[in-house]
Amino acid sequence: MQKRRVVVTGAGVISCVGNTVKDFWDSLVNGRCGIGKITRFDASGFKTAIAGEVKNFDPDAHFPVKEARRLDLFCQYAAAAADDALENAGFPRDLRQAENLDLTRVGVLVSSGIGGLGTLCGQYETLLEKGPDRISPLLIPMMIGNIASGNISIRTGAGGPNYGIVTACSTATHSIGEAFWCIGRGDADMMLCGGSEAAILPIGIAGFSSMHALSRRNDDPLHASRPFDRDRDGFVMSEGAGVMILEELGHAERRGAKILAEVVGFGASADAFHITSPAPDGGGAARAMRAALDCAGMRPEQVDYINAHGTSTALNDKYETLAIKSVFGAKPGCAVSSTKGTTGHALGAAGALESIACVQAIVSSTVPPTINYETPDPECDLDVTPNEARSRRIDTALNCNLGFGGQNGILIFKRFEK
């Protein structure tokens, strides 16, 4: 168990359903789907032509034009979410302007599952068309996945622990969990943590489509992502970023911070089974859930809400159901939902967006719905809060994310009590 208590004091969001925490949460609660036809490129020749694109993102609100050109889109999203998270927590965007803040005790762990794919694709076209001498010297620093943490550190002055984690769709969950451990063991007093992704590109859509992982409901994008529904046919790729501000409790209290929730548990495991398919018995995810509960010193019946990974793929939803039931019982007493019906799947950013949703569920005593749930699947026989949000006091929320490679991450958030 952690020796130092860790609390959430701020969050920032860039997503296909809103670019503030307020708009994001309002969309989740009201089931406003952010999925539509792809506009970034001509997808008419693709088997999947829909995605959850970020809308109304204004880089000028966060970067000078020259700086924006030096950042891949995933890094722009990450930095913008970090700006908003800091302001939400009561800090200036540049932490060097904050009073009585030891910057060497402030770390950054904002990661990406795929990284600067747009930059790589663009520079590869340059290589083919104009030759190697025309490649930008910024190719590598714009492309590498750890650069979101690096750039946020440079922008803010945070000089503490700084790195990135890559575990596919559980990337952000592992990043927040490691930040939680980092503060708990005394390596930092404050961490900016989360994930970012911007892979809605021809190669990204084509790659996932060739795996038969994506929904092909091109004529009905608003109903394409349907977690746990019997007629689901794949996930819908989305993009964005989520960044949380975590602080050691005393650090937050001394500055009079508003505490949104407490992080109390983190668990990680490997399926050790297959590069893309979850373990058929849900055993890996279940082990991570039990590890997070052990870390929190909690029993399963103390969890009020589970934000499931719920990707809308045939195997994930079936095997995740088995994992939940093996830990929480055949008929779990907690509420369950997947918010990916609304947001699509933001890959390496998903765990951050869904962790923020867990915190908001605690703050507002509301369970966000699983939208597009029309036909029950007997192999996914959970009460997944279909289509309508529910009012319910939530003292403890668990976030589940599962990544390719069989890498599982679980976070537990709790209503803050002194």
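Modeller: Before we start, a helix axis here is a line fitted to the C-alpha atoms over the stretch in contact. Keep in mind that this is a predicted model.

Colleague: Thanks! How do the axes of helix α1 and helix α13 cross, roughly parallel or roughly perpendicular?
Modeller: Helix α1 covers residues 21–30 and helix α13 covers residues 350–364. Their axes come within 11 Å and cross at roughly 80°. Angles of 65 to 115 degrees fall into one class, so α1 and α13 are roughly perpendicular.

Colleague: Which element gives the most to the largest nonpolar core?
Modeller: That core has 45 residues, and Phe-24 and Phe-413 are among those that touch the most other members. Elements giving two or more residues include β1, α1, β6 and β13. With 8 residues, the top contributor is α13.

Colleague: And Leu-293: is this residue buried or exposed?
Modeller: Leu-293 sits in helix α10, residues 283–296. Beyond its neighbours within four places in sequence, Leu-293 is in contact with residues including Met-298, Val-303, Phe-328 and Ile-412. Its relative accessibility is 3%, and the cut-off is under 20%, so Leu-293 counts as buried.

Definitions and conventions: Residues are numbered from 1 along each chain as its sequence is written. This is a predicted model: local features need pLDDT of at least 70, side-chain atom pairs count only at pLDDT 80 or more; totals for chains, interfaces and linings use all residues. Side-chain values use heavy atoms; hydrogens and water are left out. Helices (H or I, at least four residues) and strands (E, at least two) are DSSP runs, numbered from the N terminus. Buried means under 20% relative accessible area, exposed over 50%, partly exposed in between (1.4 Å probe, protein chains only). Contact means heavy atoms within 4.5 Å. Axes are lines fitted to C-alpha atoms, for helices over the stretch in contact, and angles run from 0 to 180 degrees between N-to-C directions. Angles under 35 degrees count as roughly parallel, over 145 as roughly antiparallel, 65 to 115 as roughly perpendicular and the rest as oblique. A nonpolar core is a set of buried Ala, Val, Leu, Ile, Met, Phe, Trp, Tyr and Cys residues joined through side-chain atoms within 4.5 Å.
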